Amino acid sequence: MSEFDTQIPSAFDPFAEANAEDSGAGSKDYVHIRVQQRNGRKSLTTVQGLKKEFSYNKILKDLKKEFCCNGTVVQDPELGQVIQLQGDQRKNVSTFLVQAGIVKKEFIKIHGF
């Protein structure tokens with residue numbers, strides 16, 4: 001028997017946890033806050049994954065008034081309704097959603113550069 005015939009007992013799979021999250025409905029529980037670069041220094045903040053029982057237009061109205069920016073609600077065929085805000089408002093939106101009691105802090109994922 002050569003040394004190559006032995007098997008490694010319990011190999012570590014670094015992607016096992018990520019694959020387990022994607023398999024069930026657990027990935028739908030998170031609210032994703034992303035920033036997209038437009039042109040130059042302009043950027044766009046998107047919020048997706050809010051529960052359907054919330055009124056997106058009322059949340060948008062409060063966000064626009066609180067942060068003095070413009071925004072809209074966009075209907076996406078794959079993602080559902082998505083809130084878009086002008087500027088990089090990731091931290092502002094996450095603190096607003098937690099303080100308003102819409103989402104718990106552990107269910108918010110902030111993406112971006």
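Is Gln-89 buried or exposed, and what is its relative accessible area?

1. **Gln-89.** This note concerns a predicted model. Gln-89 is buried, because its relative accessible area is 11% and buried means under 20%. The residue sits in the loop between S4 and H3. Leaving out residues up to four places away in sequence, Gln-89 touches Thr-45, Phe-67 and Cys-69.

2. **The salt bridge.** How many salt bridges does the structure hold? The count is 1. The partners are Arg-90 and Asp-88, whose side chains meet at 2.8 Å, N to O. Side chains of opposite charge can pair when their charged atoms come close.

3. **Exposure of the two partners.** Arg-90 has 14% relative accessibility, so Arg-90 counts as buried. Asp-88 has 38% relative accessibility, so Asp-88 counts as partly exposed. The cut-offs behind these labels are under 20% for buried and over 50% for exposed, with partly exposed in between.

4. **The largest nonpolar core.** This core has 18 residues. Which of them have the most contacts inside the core? They are Val-47, Leu-50, Leu-63, Ile-83, Leu-85, Val-93 and Leu-97. Strands S1 (31-37) and S4 (80-86) each supply at least two residues of this core, and so do helices H2 (56-67) and H3 (90-99). H2 gives the most, with 5 residues.

5. **Leu-85.** Take Leu-85 as one of the core residues with the most contacts. Set aside its neighbours within four places in sequence. Leu-85 is then in contact with Ser-43, Leu-44, Thr-45, Leu-60, Leu-63, Lys-64, Cys-69, Asn-70, Gly-71 and Val-93.

6. **Ser-94.** Ser-94 lies in helix H3. Ser-94 counts as buried because its relative accessibility is 11%, and the label applies under 20%. Which residues does Ser-94 touch, not counting those up to four places away in sequence? The answer is Ile-33, Ile-108 and Ile-110.

7. **The second largest pocket.** Its volume is about 200 Å³. The pocket is lined by 11 residues. Nearest its centre lie Asp-29, Lys-51, Ile-102, Val-103 and Phe-107. What classes make up the lining? There are 6 nonpolar, 1 polar and 4 charged residues.

Notes: Residues numbered from 1 in each chain as written. Predicted model: local features only at pLDDT ≥ 70, side-chain atom pairs only at ≥ 80, totals over all residues. Heavy atoms only, no water. 1 Å grid on protein atoms, 1.4 Å probe; cavity = no way out; pocket = protein on both sides within 12 Å on 5 of 7 lines; lining within 4 Å. Points joined across faces, edges and corners; volume = space filled by probe spheres on them. Nonpolar A, V, L, I, M, F, W, Y, C, P; charged D, E, K, R; others polar. Core = buried A, V, L, I, M, F, W, Y, C linked by side-chain atoms within 4.5 Å. Buried < 20%, exposed > 50% of the residue type's maximum accessible area, 1.4 Å probe, protein only. Helix = DSSP H or I, 4+ residues; strand = E, 2+ residues; numbered from the N terminus. Contact = heavy atoms within 4.5 Å. Salt bridge = Lys/Arg side-chain N within 4 Å of Asp/Glu carboxyl O.
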